[in-house]
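Subject: Structure for you to look at

Hello,

Here is the structure I said I would pass on. Please open it and keep it beside this email as you read.

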Amino acid sequence: MSTARLTIDLGALADNWRTLDSFTRCETAAVVKANGYGLDAGQVGRALAMAGARQFFVAAAEEGAALRRALGPGPVISVFSGHCAGDAELIRDNDLVPMLNSVDQMLRHVEGLPGHPFGIQLDSGMNRLGMEPAEWGALRDIALGQNPTLIMSHLACADEPAHPMNAQQLQAFREMTDGLDVPRSLAATGGLLLGPDYHFDLCRPGVGLYGGHPFEDALAVVTLDLPVIQIRDVAPGETVGYSNTWTAQRPSRIATVAAGYADGLIRAMGARAVTFSGDSVCPIVGRVSMDLITIDVTDLDHDPEVLTLLNDRQTVDDIAEAAGTIGYEILTSIGLRYMRRYIG
Ligand SMILES: *Cc1c(COP(=O)(O)O)cnc(C)c1O
């Protein structure tokens, strides 16, 4: 084994979906954009469909087409970016449901694909996607006449339960949608965990399914094992890696493993992350380089063949914090060089 091995536990993924689903009385969908948060939308989508998910969300129509090939007919596949120019055939042929974000998209949709199902995305304050309240006010009756299947909006600060933006967006969403006879959706993972006021008819978690913050009780879905390709003795005063950032203070044994920032192991995480050999912690020393990382294994009583970077003790969020980013970015940066194994 000379490339790192990424193990994706589809059983843990399905359990995370079931647990989130059990927190609500509404339907629970699954967000599988960005190729299933880097874990393969087809594998992830099939596992979640078997767990009971009947609705899926992707970012772009192209992703929806790939997911349809993996899932076959049946599950609803919705597209957050809506109906973009040139998308009509993809939407029609793959039976996708665009979440229309503007008057322009609405016109494009009803002219290009009359009678084809669609949903509506409203902006409740995030100012990223969706119709503004005034735009919605003007279009509302016409849009409702075309029977939208879902009205949705998205929370900007749901991972901070005490943030006043949550209640503010909830109120804005209610003002735009109360009394309408159309299913509604406001919550992603963070919103789902804020409680029933935020659930409406459908929740659409993404990151929590994959074991990420803010679903702190999630099961770990990814394990990353790095093969050791060389081990050497380093004398006190010798340095390790680019720019000599680490100097041995004692006679040390340094293992070099085959993975680096080209595999999505962000260089900035540097020495703030650790690796594991069984229960023992082995610190990263020196710079993370493109294909290699150096690790201090002096305290082990054996020479390891593998060191584990991601497991249930050090999650994508821990690595992210070490690198000054978020778990989402670690997941979606996972490299293509890994040997992947799907279990469960
Ligand atoms: C990405 C996304 C989600 C899922 O968010 P998570 O925080 O990963 O649960 C839901 N809705 C929209 C509009 C999104 O862009």
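Predicted model: local features only at pLDDT ≥ 70, side-chain atom pairs only at ≥ 80, totals over all residues.

**Two domains**

Domain 1 covers 10-210, and domain 2 covers 222-343. Their centres, taken over C-alpha atoms, are 37 Å apart. Ten residues of domain 1 and eight residues of domain 2 make the contact.

**Where the domains meet**

How much area is buried between domain 1 and domain 2? The value is about 830 Å². Carbon and sulfur atoms give 66% of that area.

Now the polar side of the interface. Between domain 1 and domain 2 there are zero salt bridges. Three residue pairs are in polar contact across the interface, with both residues at pLDDT 80 or more. α1 (10-22) and α2 (33-37) each give at least two residues to the side of domain 1 that touches domain 2. What kinds of residue make up that side of domain 1? Six are nonpolar, three are polar and one is charged.

**Strand β1 and its partners**

Next, go to β1, residues 5-9. β1 runs parallel to β19 (residues 339-343), and five bridges join the two strands. In this pair, D9 sits opposite I343 of β19. β1 also pairs with β11 (residues 222-234). That pairing is antiparallel and has four bridges. Here I8 has V222 of β11 as its bridge partner.

Compare the numbering with the domain bounds. Strands β11 (residues 222-234) and β19 (residues 339-343) fall within the range 222-343 given for domain 2. β1 is residues 5-9, while domain 1 is listed as 10-210.

**A hairpin**

β15 (residues 274-277) and β16 (residues 280-285) run antiparallel, joined by four bridges. F276 faces V281 across this pair. The hairpin has two residues between its strands, and G278 takes a positive phi near 60° there.

**The open sheet**

Which strands form the open sheet, and in what order? Seven strands take part, with parallel pairing: β3-β4-β5-β6-β7-β8-β9. The edges are β3 (30-31) and β9 (184-185), each of which pairs on one side only. I120 is opposite I151 of β8.

**Two backbone spots to check**

Most residues other than glycine have a negative phi, and most peptide bonds are trans. Two places here go the other way.

- F200 is not glycine, yet its phi is positive, near 50°. F200 lies in the loop between α9 (189-194) and β10.
- H213 and P214 are joined by a cis peptide bond, with omega about 15°. P214 lies in the loop between β10 (202-203) and β11.

Then go to the pairing of β1 with β19. Finish at the cis bond between H213 and P214.

Best wishes

Terms used. Residues numbered from 1 in each chain as written. Heavy atoms only, no water. Domains from an automatic or database assignment. Contact = heavy atoms within 4.5 Å. Buried area = accessible area lost by both parts, 1.4 Å probe. Salt bridge = Lys/Arg side-chain N within 4 Å of Asp/Glu carboxyl O. Polar contact = N/O pair within 3.5 Å; in protein donor to acceptor, adjacent residues only side chain to side chain. Nonpolar A, V, L, I, M, F, W, Y, C, P; charged D, E, K, R; others polar. Pairing = 2+ DSSP bridges.
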